Amino acid sequence: MRTSFQKDRPKYLDLLRIKLPITGIVSIGHRASGIFLVLSIPVWLYLLDMSLSSEQSYQDVSELTNDFWFLVLAVISFWALMHHFFAGIRFLLLDLDIGIEKQKALLAAKIVIALEIISLLAVVGWLI
Amino acid sequence: MSWRAGGIRPWIVQRLSALVMVAVLLTFMATMMLAAPSNFQEWQDFLAGGVWNTVLIIFWLSLFAHAWIGMRDVFMDYIAHDALRFVTLGSFAFFIIAMIIWMFKIMIMAETL
């Protein structure tokens, strides 16, 4: 095994001792939600395929919204999408040096969390 | 920075594909709120040919480019073992190519209905 990592780098891998600032939480959340969204691609392609294949399979897909576990998957996917969406827009703004100072960066990270919670609640309210 | 893999080109593709997806998502959501297709026939007509068939293909291609670069970065960050990283990247490339073929099958089928 060839690796370019330092052998003597400090290891602070006690997850209970690592305390990320909110900007760090938004950042790792962007990565985690991205991985989740990639894994869910086949599910959404399958549903798109079904919805266009025949009248009957279109009905089957429409009726999935009555299925509890499908709703759970849909809500989690929507949450992942909303986090990825708002955190991604924040990163695009950071590229333009908008919100790069420490105080503004912390505020922007809080706004990302607030927006994703609001949109998640809106969708849950709409589904119920 | 190199213009090839690992350099500035994937960085730019990642941001351009993000902007394309934001634009399509917002337009799609607005369209669904204003005039959502309410049955099978209207849904088929909505995606058969016309603007939305093309727009959705562009959306999917942006998504696959975005997913490839994002996951490539994740694998390169966390998999230090060369052979394992190579196999993982190869398997993921196979997955993305399969998804692209499936997507084209769906979108072309929708167009010729």
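Me: How many helices and how many strands are there in chain A?

Reply: This is a predicted model in which local features need a pLDDT of at least 70 and side-chain atom pairs count only at pLDDT 80 or more, while totals for chains, interfaces and linings use all residues. Residues are numbered from 1 along each chain as its sequence is written, and chains are lettered from A and ligands numbered from 1 in the order in which they are written. Helices (H or I, at least four residues) and strands (E, at least two) are DSSP runs, numbered from the N terminus. From the N terminus on, chain A runs α-α-α-α, giving 4 helices and 0 strands.

Me: In which helix of chain A is confidence lowest?

Reply: The score is pLDDT, the predictor's confidence in each residue, from 0 to 100. Chain A averages 90, with 90% of its residues at 70 or above, and chain B averages 92, with 94% of its residues scoring at least 70. In chain A the highest mean, 96, belongs to helix α1 (residues 22-53), and the lowest, 93, to helix α4 (residues 102-127).

Me: What ipTM does the predictor give the complex?

Reply: Two scores are given for the complex as a whole. The pTM is 0.88, and the ipTM is 0.90.

Me: Are α1(A) and α2(A) oblique or roughly parallel to each other?

Reply: Axes are lines fitted to C-alpha atoms, for helices over the stretch in contact, and angles run from 0 to 180 degrees between N-to-C directions. Angles under 35 degrees count as roughly parallel, over 145 as roughly antiparallel, 65 to 115 as roughly perpendicular and the rest as oblique. The axes of α1(A) and helix α2 (residues 55-63) of chain A come within 5 Å and cross at roughly 135°. The relation of α1(A) to α2(A) is therefore oblique.

Me: Which residues of α2(A) meet α1(A)?

Reply: Contact requires C-beta atoms, placed from the backbone, to lie within 7 Å. By class, this contact has 4 nonpolar, 3 polar and 1 charged residues, where Ala, Val, Leu, Ile, Met, Phe, Trp, Tyr, Cys and Pro count as nonpolar, Asp, Glu, Lys and Arg as charged, and the others, Gly among them, as polar. From α1(A) come A:L47, A:M50, A:S51 and A:S53, and they meet A:S57, A:Y58, A:D60 and A:V61 of α2(A).

Me: Is A:D97 buried or exposed?

Reply: A:D97 lies in the loop between α3 and α4 of chain A, and its phi is near 65°, a positive value in a residue other than glycine. Most residues other than glycine have a negative phi. A residue is buried if 20 or more other C-beta atoms lie within 10 Å of its own, exposed if 12 or fewer, and partly exposed in between, with C-beta atoms placed from the backbone. Because A:D97 has 8 C-beta neighbours inside 10 Å, it counts as exposed.

Me: How does A:G99 count, by its C-beta neighbours inside 10 Å, and which is the class?

Reply: A:G99 lies in the loop between α3 (68-95) and α4 of chain A. Leaving aside neighbours within four places in sequence, A:G99 is in contact with A:R90, A:L93, A:L94, A:K104, A:A105 and A:A108. Because A:G99 has 16 C-beta neighbours inside 10 Å, it counts as partly exposed.

Me: Which element gives the most residues to the side of chain B that touches chain A?

Reply: In the interface, 19 residues of chain B are in contact with 19 residues of chain A. The elements of chain B that give two or more residues to its side are α1 (8-35), α2 (40-47), α3 (50-78) and α4 (82-112). By class, that side has 14 nonpolar, 3 polar and 2 charged residues. The element that gives the most, with 7 residues, is α4(B).

Me: How are α3(B) and α4(B) oriented to each other, roughly parallel or roughly antiparallel?

Reply: The axes of α3(B) and α4(B) come within 11 Å and cross at roughly 175°. By class, their contact has 17 nonpolar, 2 polar and 3 charged residues. The two helices, α3(B) and α4(B), are therefore roughly antiparallel.

How values were computed
Two residues are in contact if their C-beta atoms, placed from the backbone, lie within 7 Å.
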